[in-house]
Every structure is written in C-alpha cells, then in structure tokens.
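Let's take a walk through a protein together, one stop at a time. Keep the picture open as you read, and look up each residue when it is named.

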Amino acid sequence: MIHDIVSAVNGVLWGWLLIAMLILAGIWFSVRLGGVQIFQFRHMFSLLKGSGQHDKAGISSFQALCTSLSARVGTGNLAGVAVAISLGGAGAVFWMWVIAFLGMATGFAESLLGQLYKVKDGNGEYRGGPAYYIQQGLNKRWLAIAFSLCLFLGYGFIFSAVQANSITDALNHAYGIPTLHAGVVIIMLAGVIVIGGLRGIARFSEWMVPFMGISYVLVAIGITLLNIEQVPAMLYNIITSAFGLQEAAGGAFGAALKHGIQRGLYSNEAGSGSVPHAAASATPNPNHPASQGYVQMLGVFLDTMVLCTCTAMIILLAGGSQGEQMEGIRLTQDAMAFHLGGGGNDFVAAAISLFAFTSVVANYAYGESNLHMFKLDNRAGRSVYTAGYLAMILWGSMASLPQVWAMADMALGLMTVINIIAIVWLTPTIVNVSRDYLAQRKAGQTPEYRNGNCEIQGSTEQWRDS
C-alpha cells in the first residue's frame, strides 16, 4: 500500500509538473537577475578569498559551501548519474547540464533568502531556510510547517537512507561485506560526527569535500585523456540522444528529459530548498545576503557541471548506455573497472563511501535546522530526531534500490514544489537585494547590507540592528 501511494504521488510530481516548474523557475530567475550565472560567473569564484572567516554564531562561507557540497556530492554524483543513463540514455546527461545551468540562478535566489531571513536559535547560533523565509517573508506559517515536515521526511530520514544504500551496495559488490554490518558501522561513525552539531559537521566537511572532489576529478581527467579519441563521438551521442534524433529512438526524448532533470535536481538540489539551510548558517564575507547567493551558486556548478560530468564521461567512455532496468552504483563501479582494471571497483567503493557519508552527516544538519521551527531545539527534541535519523540509515542500508529512490523522489518533489512557489513569490525581495549588492560594488564599495537599503517583503529579524 505504501509503495502504491509513493508511486501515485511521484506520478503526479514527476509527470512533467516538477520538470515544468524547475525549467520555468530557472528561466524566470535567469531573466530577472540579469543572467547572474553568466555575467557574475567570475565574481562567484572571487568570493572564496577571505571565505574562511566567521563569528561565534555562525560558520564561515567556505564551511557553508563545503557543507552544502557534502549534501550535494553523494549518490547523486555517482549512483544518480548511473540511474539517469540507465533509464534515460546518454541524452539524460545533456538535460542534467541544462537544469544545472538554470538551477544556478534558482540556487542564487533561494540562498540569498536563506541568509536574509536567518534567525538565532536558543543556543545563539544562526538558523534559516525556506520555512523561515516563508514564515517571515510571506507570513504563511502553515506553508512553512508543511515545508519543514517534508524536509524532515526527506533530509532528516529518507535521503540518508539513500546514501547508506549506495555505500553498503558498493561495499557488498566490491568486497562481499554484508549490508547489515556496513550499516552498523555507518551509524557509529555518523553518530560521532553529528553529536557536534552543525559546527562539527562543517569542520568535517571543509576538510573532506576538497580532498575527495579533487581526487575524483583528477581520476576522471586521466580516463578522459586516455580515451580522448572517443570524446567527440561521445558528445555527439549525448546531444543526439537528448533530442531523440537517433534511429529507433522511440520515447528517448521524454526519457532523457525526465530522468536527466530528475537526477540533476537530486544531485545539485537547486530549487529544492535544502541549500538555504547551509547558506543561512554562514557569517558572510562581504556582510551582505547576496554574497551567499553567489557562493552557493558556485556549489551548483561544481556539483553538476564538474562532478556529475566526470561520472558521465567515465560511464559513457566505458560503453554504458540505456538498459531495461534501473542501475545504480554498480554501473559506475563496472565502468571504472573497465578503465582501471581491478582497482576500479576499489576506487569507486572508496569514493562512494566518502561522497555518500558526507551527505549522510550534512543531511542531519538540514533537519536539525528545522527543529527550531517546532520549538524542539532542545536536548529531548534532538535525541528523538537523532534516533529516527540513525534508524533510517540502518533501514536504507538493507532496502532495495528502487524502493529507496522512489521515497527519496517523493520527498524531494514535495519540498521543491513548496520552495519554488515561495521563492517566486519573493522575487521582488530577491531582485532588490541583488541590485543593492551590485550597486555598492559598482560604486567601489565593499557591499554591506542594512535594513532600509532596499524594499523587502516581511521582516528580517537578524538584520534588524545591523
């Protein structure tokens, strides 16, 4: 019965509703923000300078970027790309690129709002996200509560189960380790890190994410160079498959579009409302909400345009293509073994374990940020939440792949629908705050936000006395 309900909800959400919403929202913000992902492309990199500074109430911009990348860079990059190709063919990669390009503008918008409407919790730490900007910016508490519940379902519980599923499956495929045993180890390691809260997760992320990301990219570049003569044909295959131009394509266009966007969103999370939680926790440098928009826009680019592309190249250069059933991390492992021999399985098993584990701990932080919405940011509330989170990791480590992904798609879809409606509703605020930032830069000033600089919707508690 649960499976039937999940399938019915996903049929509505992913039967072109979310695809249309994400594409239209990406185009909307790209236009309203003046092509921010194009004309401010260099500027988003420049903000990494000095991004390690923070005060006692928050984390640094670099830690916020790494924390958001921890949640993004997981199964979506290795298993998710494999799922997209196995169900949608090579053309799905093209639509992953499209949704990432448009998603950079959407990610800018939601992260700006996360920073603008942040609050301080009972421990004096910054909290924020869609529930907060829905409540303070739109004064719609019922909608804020609905988003928080969807986020708890998704990031608090189901998404960590997805990550655990990929880790245990990869280790079982490579070394025959029982999934239950691997699941117990994941719970123990995750428990040690999440006890430290957001700060502990941020410290872990800022060291682990750069190391694993750079290592993976270097291996992918090496494989591409060794197969450079196949790259033109591979790119041609991606483009023609994306539009169903190949012979006997049948429903190839629809499959490529659907699965490319679906898995692209799961990977970069732009528009889903997850990343604003990390953006809100940062002490921005410069001290302006728009700066976190640019930093997190960079995260979308690195996640999909760089890391997902690396996985796609590895799979397609090994001859991977659309099949009759969903394939996850094992397709990526087999492709890597094709290129590197026996060491390929070992490398992917290590990569997915690191990538997915960082997502497991970052997902906890997103759920914890919403405890404040329900006045549960206390010891009892955190204990109950942590117990449920760890239990879902154990379940996910032993569940079947289609079952876990279906529940993850439902949670992500519900979150995204609510968040897209909210940020489009808050467009005047996003545009005004962005223009304020650019006007100060144009005047040769270091941007600094003050209430009254520009017209915004609702109230901004944290910036009131700035």
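Predicted model: local features only at pLDDT ≥ 70, side-chain atom pairs only at ≥ 80, totals over all residues.

Let's start with the core. In soluble globular proteins, nonpolar side chains tend to be buried together. Here, the largest nonpolar core has 149 residues. Which of its members touch the most others? They are Tyr216, Tyr294, Tyr389 and Ile393. Helix α14, residues 289-317, supplies the largest share of this core, with 15 residues. To see what surrounds one of these members, find Tyr294: leaving out residues up to four places away in sequence, Tyr294 touches Val36, Gln40, His43, Met44, Leu47, Phe108, Tyr437 and Leu438.

Next, look for Met336 in helix α15, which covers residues 329-340. Is Met336 buried or exposed? Its relative accessible area is 0%, so Met336 is buried. Beyond residues up to four places away in sequence, its contacts include Tyr216, Val219, Ile223 and Ile314. Phe347 is also one of the residues that Met336 touches. Those two are 11 residues apart along the chain, and their C-alpha atoms are separated by 7.9 Å.

Now move to Arg127, which sits in strand β3, residues 126-127. Arginine counts as a charged residue, and Arg127 is buried, with 2% relative accessibility. Setting aside neighbours within four places in sequence, Arg127 is in contact with several residues, among them Asp121, Tyr132, Glu368 and Arg382.

Our next stop is a meeting of two helices. Helix α4 (residues 61-72) and helix α10 (residues 197-226) pack at an angle of about 75 degrees, and their axes are 8 Å apart. The two helices are therefore roughly perpendicular to each other. On the α4 side, the contact is made by Phe62, Gln63, Cys66, Thr67, Leu69 and Ser70. On the α10 side, Ile201, Ala202, Arg203, Ser205, Glu206, Val209 and Pro210 take part. Sorted by type, the contact residues are 7 nonpolar, 4 polar and 2 charged.

Finally, consider the cysteines. A disulfide is a covalent bond between the sulfur atoms of two cysteines. How many disulfides does the model have? The count is 0. Cys310 counts as buried at 10% relative accessibility, and Cys454 counts as buried at 17%.

Technical notes:
Residues numbered from 1 in each chain as written. Heavy atoms only, no water. Axes fitted to C-alpha atoms, helices over the stretch in contact; angles between N-to-C directions. Helix = DSSP H or I, 4+ residues; strand = E, 2+ residues; numbered from the N terminus. Parallel < 35°, antiparallel > 145°, perpendicular 65-115°, else oblique. Contact = heavy atoms within 4.5 Å. Core = buried A, V, L, I, M, F, W, Y, C linked by side-chain atoms within 4.5 Å. Buried < 20%, exposed > 50% of the residue type's maximum accessible area, 1.4 Å probe, protein only. Disulfide = S-S within 2.5 Å.
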